[in-house]
Amino acid sequence: MLIISCSHGKHLGYLIAGRLHKKYSNLIVNKFPDHELRIRFEVDLKNKNVVLVQSFYGNVSDCIIEIILAAKTAKELGARRVMLIAPYFPYMRQDKRFHKGEAVSQHIIADLIDKYFDAVYLMDPHLHRKNKLENVFKIKSKKLTANSLIADYIKKHIKNPVIIGPDEESYKWAKNVAEMLNVESGILKKKRYSPYHVEVKLNKKIDLKDKNVVIVDDIVSTGHTILETAKILKKLGAKNIYCICAHGIFVNDAFKKLNKAGVKVVSTNTIPNKAAKIEVSGVIASSLKQFLLNR
Ligand code: R5P
């Protein structure tokens, strides 16, 4: 097995390779003056099982083009199998035609991955209506989760926590983490009017007075879901408000806004950012180890 980091996978690729004692290399990625991408492998791929590590943040469209170029080239250069490890994988939220004329992006991007890869491992993918990765991809797929690492972090750093999921979809993270910790949890109801206008309401009565409330979710992007949730939690008397997410995208000034609102933010390192205090390479490496054992 050969582990190769693409441009946005370097922060995890070498850690995963190190944990598995496997050969490691970086994909060389340059841009032509007109912004077309040029990729190049520096190692011999003949008869190798190639694992490409790419997280998708910043210019996600470039990240996608890059892995498609890399997967196809790897096969042309003789790779036996090509697998994608995506600590964060985008386009999972557009899983239906929300508005007339819109693309169902999740299906289209999944079709591309199916065409060029043999297997795909995603960390905490946003599976809402589809529920299972097998309903998204036709190739072998596996869902990994950082929930146990999030639970460990809370156990070590936050006393007497109450866990809150900011919307109905977040139960897979919030409820699951609360169960691991054996603490109380609640889920809120969210209505999104636009990317920046979100309304959140509590759906059950929970005593939050003087409690350390931890909002657990998969993605923080603009931060508006968390900001609206924090407003409600404050009104209900929460002492400290934390937000722990699997994927800290933090677009524009999301991080600043959350800090200003007094929310203490922590994320995993699926996407590098200042709040990335939970390290996920161990979870990825052990699932790859399992994959190697089962071959
Ligand atoms: C969507 O349902 C996700 O679970 C997150 O709640 C959402 O993506 C967060 O987005 P934002 O930070 O822009 O409110």
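How much area is buried between domain 1 and domain 2, and what share of it do carbon and sulfur atoms give? The structure is a predicted model, in which local features need pLDDT of at least 70 and side-chain atom pairs count only at pLDDT 80 or more, while totals for chains, interfaces and linings use all residues. Residues are numbered from 1 along each chain as its sequence is written, and side-chain values use heavy atoms, with hydrogens and water left out.

The protein chain is divided into domain 1 (2–145 + 280–293) and domain 2 (147–278), with bounds taken from an automatic or database domain assignment. The C-alpha centres of the two domains are 27 Å apart. Between domain 1 and domain 2, about 1600 Å² is buried, and carbon and sulfur atoms contribute 59% of this area; buried area is the accessible area (1.4 Å probe) that two parts lose on being put together, summed over both. On the side of domain 1, the most area is lost to domain 2 by Tyr88, Asp124 and Val280, which together account for 34% of what that side buries.

Contact (heavy atoms within 4.5 Å) links 17 residues of domain 1 with 17 residues of domain 2. Across this interface, 0 salt bridges are found, a salt bridge being a side-chain nitrogen of Lys or Arg within 4 Å of a carboxyl oxygen of Asp or Glu. By class, the side of domain 1 that touches domain 2 comprises 9 nonpolar, 6 polar and 2 charged residues; here Ala, Val, Leu, Ile, Met, Phe, Trp, Tyr, Cys and Pro count as nonpolar, Asp, Glu, Lys and Arg as charged, and the others, Gly among them, as polar.

The ligand is surrounded by 15 residues, of which Arg93, Asp217, Asp218, Thr222 and Thr225 are the closest; a residue is included if one of its heavy atoms lies within 4 Å of the ligand. A side-chain N or O atom of Asp218 lies 2.6 Å from an oxygen atom of the ligand. For Gly223, a backbone N or O atom is 2.8 Å from a ligand oxygen atom.

Methods
Polar contact = N/O pair within 3.5 Å; in protein donor to acceptor, adjacent residues only side chain to side chain.
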